[in-house]
Amino acid sequence: MTGILQPAAYVELHLPVLIEKLGAARLSIVPPALAGLIQRALPHPDGIGERWPGLFEHLAVHGAFIRGDPPPLLSRVLLSFRLPACGDVRAVGWTLWRRTADAEIAADGGALPAPRGFGVVFESLPEEARHVIEAMLRG
């Protein structure tokens, strides 16, 4: 059936991550003649340089859910973590959604926990880390 999105594959895990709030990347890919014609999303400006710990709960090749203090929406963050079979990883992501308080979601027979945290989409993830995550998804 076409037109139906399937949920993205992710690995459930509890992996410590250090989060650092970044500013905008310096890009000069737009020719000067086109600079006035193109708009670009800029990261939230508050708290650049701040660091705090978090915990990956879901990890995929395109992004992750991180339990912990959520930064403002559209924050650009550096994520530093150690991935089994890969070693130290540094990835950059953007906060696209966040949950500012722990919650519960009603479900058949009870409630599912929905912890405070945020979702990021990766701007950059090292190729080796991407391969390791893909292998984890295959089991």
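## Strand pairing and the barrel

In this predicted model, Arg82 stands opposite Asp88 in strand 5. The two strands concerned, strand 4 and strand 5, pair in the antiparallel sense over 8 bridges. Strand 4 also has a partner in strand 1: 5 bridges join these two strands, which run antiparallel. Here Leu22 stands opposite Arg76 of strand 4.

Strand 5 (residues 87–99) is in turn joined to strand 8 (residues 117–124) by 7 bridges, again in an antiparallel arrangement. Trp97 stands opposite Gly119 in strand 8. These pairings belong to a closed barrel of 6 strands, which runs 1-2-3-8-5-4 with antiparallel pairing. Neighbouring strands of this sheet are turned by 45 degrees against each other on average, direction ignored. Strands of a sheet pair through backbone hydrogen bonds, either parallel or antiparallel.

Strand 6 and strand 7 pair with each other in the antiparallel sense over 5 bridges. In this pair, Ile105 has Leu112 of strand 7 as its bridge partner.

The pairings with stated bridge counts are collected below.

| Strand pair | Bridges | Sense |
|---|---|---|
| Strand 1 and strand 4 | 5 bridges | antiparallel |
| Strand 4 and strand 5 | 8 bridges | antiparallel |
| Strand 5 and strand 8 | 7 bridges | antiparallel |
| Strand 6 and strand 7 | 5 bridges | antiparallel |

## Overall organisation

The protein contains 1 helix and 8 strands, and along the sequence these follow the pattern β-β-β-β-β-β-β-β-α. Its C-alpha trace spans about 60 × 40 × 35 Å along the principal axes. Of the 139 residues, 35% are buried. Among contacts with a separation of 6 or more, 69% are between residues 24 or more positions apart.

Strand 4 is largely enclosed by the rest of the structure, because 6 of its 8 residues are buried. The largest nonpolar core holds 24 residues, and Phe56, Leu79, Phe81 and Leu83 touch the most other members. At least two residues of this core are supplied by each of strand 1, strand 2, strand 3, strand 4, strand 5, strand 8 and helix 1. The largest share, 5 residues, comes from strand 1. In soluble globular proteins, nonpolar side chains tend to be buried together.

Leu79 illustrates these surroundings. Not counting residues up to four places away in sequence, Leu79 touches Val17, Leu18, Ile19, Phe56, Ile66, Val89, Arg90, Ala91, Val120 and Phe122.

Thr95, in strand 5, counts as buried because its relative accessibility is 0%, below the 20% limit. Leaving aside neighbours within four places in sequence, Thr95 is in contact with Pro71, Pro72, Leu73, Leu74, Ser75, Phe118, Gly119 and Val120.

## The helix

Helix 1 (residues 127–138) has 12 residues and reaches 17 Å from its first C-alpha to its last, close to the 16 Å expected at 1.5 Å a residue. Which residues of helix 1 are buried? They are Ala129, Val132 and Ile133. These residues cover an arc of only 100 degrees around the axis and therefore lie on the same side of helix 1. An α-helix has 3.6 residues a turn, so residues three or four places apart point the same way.

The cover over the buried residues of helix 1 includes strand 1, strand 2, strand 4 and strand 5. The face turned away from the buried side carries the exposed residues Glu127 and Arg138. Just after helix 1, Gly139 takes a positive phi of about 85 degrees.

## Loops and turns with positive phi

Other positive phi values occur between strands. Strand 6 and strand 7 form a hairpin with 2 residues between them, and Gly109 in the turn has a positive phi of about 80 degrees.

Ala85 lies in the loop between strand 4 and strand 5, a hairpin with 3 residues between the strands. Its phi is near 70 degrees. Ala85 counts as exposed because its relative accessibility is 76%, above the 50% limit.

Leu74 is placed in the loop between strand 3 and strand 4 and has a positive phi of about 60 degrees. With a relative accessible area of 41%, Leu74 is partly exposed.

Methods. Residues are numbered from 1 along each chain as its sequence is written. Side-chain values use heavy atoms; hydrogens and water are left out. Two strands pair if DSSP finds at least two bridges between them. Helices (H or I, at least four residues) and strands (E, at least two) are DSSP runs, numbered from the N terminus. Axes are lines fitted to C-alpha atoms, for helices over the stretch in contact, and angles run from 0 to 180 degrees between N-to-C directions. The expected span of a helix is 1.5 Å times one less than its number of residues. Buried means under 20% relative accessible area, exposed over 50%, partly exposed in between (1.4 Å probe, protein chains only). The arc is that of the directions from the helix axis to the C-beta atoms. Contact means heavy atoms within 4.5 Å. A nonpolar core is a set of buried Ala, Val, Leu, Ile, Met, Phe, Trp, Tyr and Cys residues joined through side-chain atoms within 4.5 Å.
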